[in-house]
Amino acid sequence: MDAFLAGMALLVDPKILLVVFLGTLIGIIVGALPGISGSTTTALLLPFTITMGPVPAIAFLGAIYCAANFGGSITAILVNSPGDPSASATAFDGYPMAQRGEAGRALGMSAVASAIGGIFSVVVLIIAAPLLARVAYSFGPPEYFALAVFGLSMVAMTGGDSMLKNLIAGAFGVLIATVGQDLTTGVERYTFGIHSFTDGIEFIPVLIGLFALTELLEQASQLKNKPWVAKLGAVRLPSWQDIKECSKAISISSVLGTFIGILPALGATTAAMIAYVETKRWSKNKAQFGKGAIEGVAGPEAANNAAVGGAMVPTLALGIPGSTTTAIILAGLIVQGVRPGPHLFTEQPILLYAVFSSMLLANLLYLVLGLGFAKVFARISLIPPQFLWPAVFVLSVIGAYAPNQAMAEVWVAIAFGFIGFFMRRYGFSPAPLVIGLVLGRMVEETLKQSLLIFDLSWGGFLGRPIAMTLFGLTALFLLAPWALQKLRVRP
Amino acid sequence: MAAAVVAAIAVALFAATYWFEQMPEGITRGFGAEAFPRLVLGTILALAALLTVVSPTGEALPRIPAMVWYSGAALVAFMAVVPVAGMLPSMFLFLLALGYLWGERRHWLLLLNAALLTAIIWAIFVKGFGVQLPKGVLA
């Protein structure tokens, strides 16, 4: 309780207030810019948090994460081009509402539903994360290895449509994590004589390359597409009638979004899509969906913001990222010298509660900013690509260069920009690669430690029930979609 | 096609593990530096084989638009110019060049945008955070 109050007290610290405000503002702005997602922004701004210290850094990144999902709905509703992938489902009904002149009503509902979903999930995070951490407190290396493998298996459902391709990308991420000196023997692996690779490939340039520069190259291939922009009247709070109509959608979606967010590697986009389907299923106005149903905006928006708090649960309690953005936030914590996991709850409880309280604040802030300044944010979304993307590149260069002041890091970022572009072209999403990269060290270290405990016998895992349960779950998650498909095909 | 490329990369990286420095058994304790990468690469090869079975032929992809190549070349050109002109002048030139390449023809706006952004980068990172940017041989 003391830690909780101490964490809450940090909210009156002007520095924390400022970074949460800035994070929220930046989150909404970039969320509104088509092509720049919350994960791109957190990757791009990660280097600038290094000098902040752990609490302001994670408060800043957490606020961006919270606000970007809402920001994405602005362009989803006005331009039919979701600024953030998580807002894709919002466009299904938000854009038709805007076309019939109800953009302000849709944006108002989006802000309110997002805030409710976001706040609900942070409350769940406050309650669930310590409980999960307590369970994980007794975990040894074998259990952590099994947990990391389970997290990696979940990348099968992250990013692209092909499970196999997602798993391959995740495995390459793990492989990239092996670059540099082996911790046990000091042997250099895949350094190819490049001095700066001796300590491994830094997270930051890889993330900047895979998200910001890959997107720049993607945008270069789509320069001819010009969106139609809906006119935006005054953004207004939803009426009592709207709230009543959407209360069921918001409630169901907040719970669904939080739960989906908690599952490792499944993030806000999946949550929003499932919530849209469920909102439609439970609605009395099914026929209106796709034609501008306000519930079709409320459901996905509540869910994608609820998934944010949910995704932070395994990230903080277990050190297993709940989504692509939390993988980047996890990388940010590691860069700060903080290793998330159950021990964090006993060693640095104030840091955790500061994170929780700053996320709560960010949810309230974007409600106010969203309702008050959506018109301004909507204009920002129309910055022409010929000005926006060169600026993104310049920021990427500075972001990759600044932490170690080394041009080699910029080369790494550019190389991963090209790698990400070709990955996407051949149906491999960069998101699983990032999760693999973040989890890679943990997988190798815990495997080595486990094998030492078991005297180099893989059979030792059989005597660890928790590890075996996690392996069983991994097999279930990997084989269930395939088995279901086979069952469906059978007459 | 994708599976074959994946497999080729994995085989090359697997072969590279044979060039890792060898350590005595007493240090590696049965799990050398090459063991884990080989385990991961073995998994990748198995997944690539499965990918070939599941989706043996992929649809022909559309050609990569020329603008992607030009933009990619601009990124590499930027890196080539930095050691000569320095980071800030290279950024200024890049902002002009990519903006022009992507269709902006209002020269005054391009110049204004490039000058303003370069100045902001200088003010925040060089003056504010004390980041030492590469100066280039011309400086």
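Chain B contains six helices and zero strands, where helices (H or I, at least four residues) and strands (E, at least two) are DSSP runs numbered from the N terminus. Its elements follow the order α-α-α-α-α-α from the N terminus on. The radius of gyration of chain B is 24 Å, well over the 14 Å that the globule rule gives for 139 residues, so chain B is more spread out than a compact globule. This radius is taken over C-alpha atoms, and the globule rule is 2.2 Å times the number of residues to the power 0.38. The structure is a predicted model, in which local features need pLDDT of at least 70 and side-chain atom pairs count only at pLDDT 80 or more, while totals for chains, interfaces and linings use all residues. Residues are numbered from 1 along each chain as its sequence is written, and chains are lettered from A and ligands numbered from 1 in the order in which they are written.

The C-alpha atoms of chain B fill a box of roughly 60 × 50 × 25 Å along the principal axes. Chain B is divided into domain 1 (2-54) and domain 2 (66-128), with bounds that come from an automatic or database domain assignment. The C-alpha centres of these two domains of chain B are 41 Å apart. Of the 139 residues in chain B, 27% are buried; a residue is buried if 20 or more other C-beta atoms lie within 10 Å of its own, exposed if 12 or fewer, and partly exposed in between, with C-beta atoms placed from the backbone.

Between the chains, 44 residues of chain A are in contact with 50 residues of chain B, contact being defined by C-beta atoms, placed from the backbone, that lie within 7 Å. On the chain A side, the elements that give two or more residues are helices H8 (163-176), H9 (203-220), H16 (385-401), H17 (407-425) and H18 (430-453).

In chain A, helix H4 (residues 54-78) has 25 residues and reaches 37 Å from its first C-alpha to its last, close to the 36 Å expected at 1.5 Å a residue; the expected span is 1.5 Å times one less than the number of residues. H4(A) has a kink of about 30° centred on A:Ala68, the bend being the angle between axes fitted to the seven residues ending there and the seven starting there. Because 24 of the 25 residues of H4(A) are buried, H4(A) is largely enclosed by the rest of the structure. Just after H4(A), A:Asn80 has a positive phi of about 60°.

Technical notes
Two residues are in contact if their C-beta atoms, placed from the backbone, lie within 7 Å.
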